[in-house]
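The following exercises are to be worked with the sequence and the model at hand. Each task is followed by a stepwise solution.

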Amino acid sequence: MSSDVRIRRFTAREWPAYRALRLRSLAESPDAFYSTLDAESARTPEEWAARLATAAVSGKDCPLVAELDGKPAGLVWAKMDGVNPALVHLYQMWVAPECRGRGVARGLLDTALGWARERNARFVELEVTRGNSAAARLYERAGFRAVNAPVPMRPGSGLMLQPMRLVLED
């Protein structure tokens, strides 16, 4: 990871920055996410603020922002499973195009995995769009392996998501 990359948690008051980065990710990479730009754009400021406020106190959410040279460069959201405390899910992983290839994605992933380990998770799961070879390679290098059959991304889409799982070592 470049020394200019800083990974940290979003704070509750940073919901406008989170919103801007999330909407940018959906506009730039619409085939990478279950949600859509239209759906997320329709959220009210109160909903965006509540999302981060809840994450700040839940103990089960870890919304991360990457900063490169002091500017937002990417994000990922780690969340403990609601039923299985040994499982953490990763969502919303995205790096701005101008920041790719500089260790931002790996920094986000490593920080999210560290958070999962701190919570004694045994597994981390995510879904990657089939055909997104750069993301799949990142996850495979980190130890993730494809599990189960691909699933449709969302109703009405021909895109498929490949579930992946990482077994965390003791």
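## Exercise 1: Overall architecture

The secondary structure of the protein chain amounts to five helices and eight strands, where helices (H or I, at least four residues) and strands (E, at least two) are DSSP runs numbered from the N terminus. The model is predicted: local features need pLDDT of at least 70, side-chain atom pairs count only at pLDDT 80 or more, and totals for chains, interfaces and linings use all residues. Residues are numbered from 1 along each chain as its sequence is written, and side-chain values use heavy atoms, with hydrogens and water left out.

Solution. 

## Exercise 2: The nonpolar core

Task: Identify which members of the largest nonpolar core touch the most other members.

Solution. 
1. A nonpolar core is a set of buried (under 20% relative accessible area) Ala, Val, Leu, Ile, Met, Phe, Trp, Tyr and Cys residues joined through side-chain atoms within 4.5 Å.
2. Neighbours within four places in sequence aside, Leu 109 is in contact (heavy atoms within 4.5 Å) with Leu 90, Met 93, Leu 138, Tyr 139, Ala 142 and Phe 144.

## Exercise 3: The largest pocket

Task: Describe the lining of the largest pocket.

Solution. 
1. The lining comprises 50 residues, and Ala 32, Phe 33, Met 93, Glu 127 and Tyr 139 lie nearest the centre of the pocket.
2. Strand 4 contributes the largest share, seven residues.
3. The lining divides into 25 nonpolar, 10 polar and 15 charged residues. Here Ala, Val, Leu, Ile, Met, Phe, Trp, Tyr, Cys and Pro count as nonpolar, Asp, Glu, Lys and Arg as charged, and the others, Gly among them, as polar.
4. On a 1 Å grid over the protein atoms alone, a pocket is an open set of points where a 1.4 Å probe fits, with protein on both sides within 12 Å along at least five of seven lines; lining residues have an atom within 4 Å of a point.

## Exercise 4: Ala 146

Task: Is Ala 146 buried or exposed?

Solution. 
1. Ala 146 belongs to strand 6 (residues 145-146).
2. Ala 146 is exposed, because its relative accessible area is 54% and exposed means over 50% (1.4 Å probe, protein chains only).
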